[in-house]
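Let's take a walk through a protein model together. Have a look at the picture first, and then we'll go through some of its parts.

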Amino acid sequence: MRLTGHTDYALRLLMYLGRQQGRLVTVQEIAQAHAISEHHLRKVAHRLGQAGLVATWRGRAGGLRLAQPPASISVGAVVRLAEADFTIVECFNATRNTCQLSGACRLQEGIRKATEAYLGHLDRQTLADLL
């Protein structure tokens, strides 16, 4: 399974904030520290803010900080939030599935179980574990 850059940025942003407890951090600071696009990181920060994981303040003295304790932020929840979908193979999407093996193929169930196990493992990890 491959995660998108959006998910990578979300996890990096949260880990950076987790290490900076007690102070506001700017998106620019995080982008520079990780050598990543500030523009994309702003989108990620906005989404994490909407989800209640990051508290944001605008303006000259603004910035970001974690909105929850690191131990209460599930890595699995962050991955689910950041990833657009988990259509690992075509047959997972009922509207676009053209696979001739659908209905008789056992691969779909195996991949579904593997995806559930992957996400289940991440559900048991918290941001605190990563710090």
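Predicted model: local features only at pLDDT ≥ 70, side-chain atom pairs only at ≥ 80, totals over all residues.

Residues are numbered from 1 along each chain as its sequence is written, and side-chain values use heavy atoms, with hydrogens and water left out.

So what does Glu 38 pair up with? Its side chain meets that of Arg 42 in a salt bridge (2.5 Å, N to O); the term stands for a side-chain nitrogen of Lys or Arg within 4 Å of a carboxyl oxygen of Asp or Glu. Side chains of opposite charge can pair when their charged atoms come close. Both Glu 38 and Arg 42 sit in helix H3, four residues apart, which is about one turn of the helix. Helices (H or I, at least four residues) and strands (E, at least two) are DSSP runs, numbered from the N terminus. Arg 42 is partly exposed too, at 45%.

The structure holds five salt bridges. Another one joins Asp 8 and Arg 12 (2.7 Å, N to O), and both of these residues lie in helix H1, four residues apart.

Now for the inside. The largest nonpolar core has 29 residues, and Leu 13 and Leu 14 touch the most other members. Such a core is a set of buried Ala, Val, Leu, Ile, Met, Phe, Trp, Tyr and Cys residues joined through side-chain atoms within 4.5 Å. Among the elements giving two or more residues to this core are helix H2 (27-34) and strand E2 (63-66), but the largest share, eight residues, comes from H1. Leaving aside residues up to four places away in sequence, Leu 13 touches Ile 30, Leu 41, Ala 45, Leu 48, Val 54 and Leu 64 (contact means heavy atoms within 4.5 Å).

Finally, how do H4 and H5 cross? Their axes come within 6 Å and cross at roughly 125°. Axes are lines fitted to C-alpha atoms, for helices over the stretch in contact, and angles run from 0 to 180 degrees between N-to-C directions.

Conventions: Buried < 20%, exposed > 50% of the residue type's maximum accessible area, 1.4 Å probe, protein only.
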